[in-house]
Amino acid sequence: MRSFVRTLGVFSKTILATTSQARALAATRPLAFLGSSFVRRTMATSNESVLRQPLKLACIQLASGPDKAANLAHAREKVIEAARSGAKLVVLPECFNSPYGCEYFPSYAETLLPSPPSKEQSPSYHALSAMAAETGVYLVGGSIPEADPDPSTKKYYNTSLVFGPTGDLLATHRKVHLFDIDIPGKITFRESDVLSPGNCITLIGLPEYGRIAVAICYDVRFPEMAMIAARHGAFALIYPGAFNTTTGPLHWRLQGQARAMDNQVYVALCSPARDTTASYQAYGHTLIVDPMAQVLVEADEKEAIVSWELDGARILETRKNIPLATQRRFDVYPDIIKGKIAFEDPGLPK
């Protein structure tokens, strides 16, 4: 098995080194457009660097309130601040344009289809696009409540929009796993009472750097999504999220470190700042974790920007020292990436 994987790694390296067109395709197009053989060749199973050059990542722990226009204006100020500090990839938190809560999703929801939406349909879409273009950054726009264009369906989604440095929409992720929990005496929450789930894993190519994966909050608790993304070449897993003051102290940091350790990639968890007057109080503690599961930087509960320069050499070093990729035993257990995996949802805004 080891010799087979080594051979596959060498083959992948040779193909990638000699086929510049394929390399460019891998960076810029969604995985669903790539042939299965090409995907296998570019998975993180060799010494090929998944992060081509250092990248400064900034996560904005934004303080938001009930005024959407004010939230969008404040987000712009903070994105500009992060870009001026040298960040090329900027992340906003879950529900950055509104309060978080089932009672708020319908009233704050915006229609994103047909795409692109008008400014009247989705002021948040256009604000995010303008922020990315103004600053020249890749912008993971946290998430916003999305409404189905047909009001009779009463369908809503928790949706992340990712824009490139020119302001073009690169990808859309709808939260796959809805936050339904009941901890007696602590917290009960049921997103599924209002929201509908997304149906695909989201990988985005940043041409100068490589691939990132984006998921939202409760998605972080499902390691299958993270492993599939990492084994398809993601160098970072990005999670806008709003853990609460019950589960946050227990699991927020632990989940970030676990996903980084399992997959030997960078992980970023981006929370809203805590509002003690809100019905749902976010934990805060936005953080960035390295491939060895060390927390590199972490905020407290107040508004802040946390940033770090991601380095592909750190990923390679971790994978060389602890070579999980060549030690997996698919003769003992199944290979998760051999199953049916959804990378595309025809109903998503594009």
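The following questions and answers concern a predicted model of a protein.

Trainee: How many helices and strands does the secondary structure of the protein come to?
Mentor: The model is predicted, and its elements are counted from that model. The protein has 350 residues. Its secondary structure comes to nine helices and 16 strands.

Trainee: What share of the contacts between residues at least 6 apart in sequence join residues at least 24 apart?
Mentor: The count takes in contacts in the protein between residues at least 6 apart in sequence. Of these, the share joining residues at least 24 apart is 70%.

Trainee: What percentage of the residues is buried?
Mentor: Buried here means under 20% relative accessible area. The accessible surface of the protein is about 15,000 Å², with 54% of it belonging to carbon and sulfur atoms. Of the 350 residues, the buried ones make up 53%.

Trainee: How many disulfides does the structure hold?
Mentor: A disulfide is a covalent bond between the sulfur atoms of two cysteines. The cut-off for such a pair is 2.5 Å. For C59, the closest cysteine sulfur is that of C270 at 4.8 Å, too far for a bond. C102 is in no disulfide either, its nearest cysteine sulfur, in C95, being 9.9 Å away, and the number of disulfides in the structure is zero.

Trainee: Is C59 buried or exposed?
Mentor: A residue counts as buried under 20% relative accessible area. C59 has 0% relative accessibility, so C59 is buried.

Trainee: Is C102 buried or exposed?
Mentor: The same cut-off of 20% applies. The relative accessibility of C102 is 17%, so C102 is buried.

Trainee: Are α4 and α6 roughly parallel or roughly antiparallel?
Mentor: Helix α4 spans residues 68-84 and helix α6 residues 123-135; their axes come within 10 Å and cross at roughly 20 degrees. Angles under 35 degrees count as roughly parallel. Therefore α4 and α6 are roughly parallel.

Trainee: Which residues of α6 make the contact with α4, and is the crossing left-handed or right-handed?
Mentor: On the α4 side, the contact is made by K68, L72, A75, R76, V79, I80 and A83. On the α6 side it is made by P123, S124, A127, M131, E134 and T135. The crossing of the two helices is right-handed.

Trainee: Which residues is H285 in contact with, leaving aside its neighbours within four places in sequence?
Mentor: H285 lies in the loop between β13 (266-270) and β14 (287-289). Its relative accessibility is 16%, so H285 counts as buried. With those sequence neighbours left aside, its contacts are Q61, W252, R274, E298, A299, D300 and E301.

How values were computed
Residues numbered from 1 in each chain as written. Predicted model: local features only at pLDDT ≥ 70, side-chain atom pairs only at ≥ 80, totals over all residues. Heavy atoms only, no water. Buried < 20%, exposed > 50% of the residue type's maximum accessible area, 1.4 Å probe, protein only. Helix = DSSP H or I, 4+ residues; strand = E, 2+ residues; numbered from the N terminus. Contact = heavy atoms within 4.5 Å. Areas by Shrake-Rupley, 256 points an atom, 1.4 Å probe, with all protein chains shown as cover. Axes fitted to C-alpha atoms, helices over the stretch in contact; angles between N-to-C directions. Parallel < 35°, antiparallel > 145°, perpendicular 65-115°, else oblique. Left-handed = near helix turned anticlockwise from the far one by under 90°.
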